[in-house]
Amino acid sequence: MKTKISTLNTTKKPRVNVVTLGCSKNIYDSEILMGQLKGNYFDVVHESEKVGRNDIVVINTCGFIDNAKQESIDTILQYSELKEKGKVGKLIVTGCLSERYKPELEAELPNVDAFFGTNNLQEILQNIGADYKYELLGERMLTTPSHFAYFKIAEGCNRPCSFCAIPLMRGKHVSTPMDELVLQAKKLAANGTKELIMIAQDLTYYGLDLYGKRNLDELLRRISDVEGIEWIRLQYAYPSGFPMEILDVMNERSNVCNYLDMPLQHITDNMLKSMRRGITKQKTIDLISQIRDKVPEIALRTTLITGYPGETEQDFEEMQQWVMDTKFDRLGCFTYSHEEKTHAHNLVDDVSEEVKQERSEAIMEVQQLISHEKNHQKIGQTFKVLIDKIEGEYLVGRTEFDSPEVDNEVLIDAREQYAAPGSFVEVKIDSAEDFDLYGSIVSAEKISKLAEPSYL
């Protein structure tokens, strides 16, 4: 008698290579997609330089400003050429550029198998041959070192800023329920994440749609209570209607960093009015003063735009003087990008690209001097530092006053001292440059090597 042998379907699934462009919100979205694919037993990699002929490539694009759009298009063309040569199996494009320009992209890029927008996770999974698993809610495959993670608390934006295309690509503001966020934070902490970088297009609007009030302070308290979370960092706070209660939490909770990223964009009244920012120069100055009075140790980061339509030399000089007077701890400056379907697109883009760039560089030169001065004031002081990586001859870390990728770093001679990435150490600052601090470890927590990458 023959025994019937059951066989499992061992058909190997194609590898999925996810390529992420743009901001931290895109990083978060890619990580959620990758977590779902991992839960469907796909072999998933992030931005692998090696491509295989059967690979599925998913490009998560940015469509915010001209430079970002060009980078996205160049990346699509690169993989489109590989697909045409038979070196890639399937090419999928998603994200902001695809949301905003899908018809045009479909017409110009026939080698792309499918285009999806910013809120089509289930459709992307279906196209790849995966199921959306509700039990994986909030689980991610981190692309950052496992000790920190971007933590998105809301999608979209309700603000009417004239220059911004985000509402066109991301839709209206939608807060994530608090209980879901607490669950996500607990899962991350259980996996070794120590720092949560709280992001949204507008953090300070959080809760209005769900709870009828701005509720960021309550969310902060609840996330602060999650065991294992040692730093919580706030990025992308809007100045108009700023909820001062979050500063109380900052003072109350040691794991809420004395750090606030508040993009202000400009300072003259005529520019702020044209930009539809809902705030005046004096109210902006008063707000910064109130924040610093309430949290004296706070590090304030902002971003500014040069060359907005109608920006005169007087507007620019007034902004430059304000930067000198305000002495932001961290600052980034961008040139204005004339975006279709935004309110500002109806205005004449009357500042030349050359002048835009000159003004941006002039602002950053001022900020370089400010950063130099502030960094040198830290010499001789001791700070808690989170080690991010080992690079060349240095351990590279950050204080609570610095966000990864965009802010200052603390460098420690790795030939003399060691601490594992993901560990906290106390560092005495020995010397300083414009945007870097150099120091020596004076004490360290119990070192435990963190696994990387992280799978939740």
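Arg 253 comes out as partly exposed, because its relative accessible area is 22%. The cut-offs here are under 20% relative accessible area for buried, over 50% for exposed, and partly exposed in between, with a 1.4 Å probe and protein chains only. Keep in mind that this is a predicted model, where local features need pLDDT of at least 70, side-chain atom pairs count only at pLDDT 80 or more, and totals for chains, interfaces and linings use all residues. Residues are numbered from 1 along each chain as its sequence is written, and side-chain values use heavy atoms, with hydrogens and water left out.

Back to that arginine. The side chain of Arg 253 meets that of Asp 225 in a salt bridge, at 2.9 Å from N to O. This pair links distant parts of the chain, 28 residues apart: Arg 253 sits in the loop between α9 (245–252) and β11 (256–261), and Asp 225 in the loop between α8 (216–224) and β10 (231–234). Asp 225 counts as exposed because its relative accessibility is 57%. A salt bridge, for the record, is a side-chain nitrogen of Lys or Arg within 4 Å of a carboxyl oxygen of Asp or Glu, and by this rule the count comes to 35. The helices (H or I, at least four residues) and strands (E, at least two) are DSSP runs, numbered from the N terminus.

Another salt bridge joins the side chains of Arg 170 and Glu 155, again given as N to O, at 2.9 Å. Arg 170 lies in helix α5 (residues 166–170) and Glu 155 in strand β7 (residues 154–155), so the pair ties together parts that are 15 residues apart in sequence. Arg 170 counts as buried because its relative accessibility is 6%, and Glu 155 is buried too, with a relative accessible area of 14%.

Helix α13 has its own charge story. Glu 353 forms a salt bridge with Lys 356, with the closest N and O atoms 3.0 Å apart. The two are 3 residues apart in α13, so about one helical turn separates them. Glu 353 is exposed because its relative accessibility is 51%, whereas Lys 356 is buried, at 0%. Elsewhere, salt bridges that share partners join Asp 29, Lys 152, Glu 155 and Arg 170 into one network.

Also in helix α13 (residues 353–377) is Glu 354, which counts as exposed because its relative accessibility is 56%. Glu 354 gathers with Glu 358, Glu 361 and Glu 365 in a patch of negative charge on the surface. Such patches are made of residues with over 30% relative accessible area and no salt bridge, like charges being joined within 9 Å and nonpolar side chains (Val, Leu, Ile, Met, Phe, Trp, Tyr) within 5 Å.

Finally, Gly 307 is found in the loop between β12 (299–306) and α12 (313–326). Gly 307 counts as buried because its relative accessibility is 0%. From C-alpha to C-alpha, Gly 307 and Val 93 are 32 Å apart in space, and they are 214 residues apart in sequence.

Conventions
Accessible areas come from the Shrake-Rupley method with a 1.4 Å probe; for residues, only the protein chains shown count as cover. Lys and Arg count as positive and Asp and Glu as negative; His and the chain ends are not counted. The place of a charge is taken as NZ of Lys, CZ of Arg, CG of Asp or CD of Glu.
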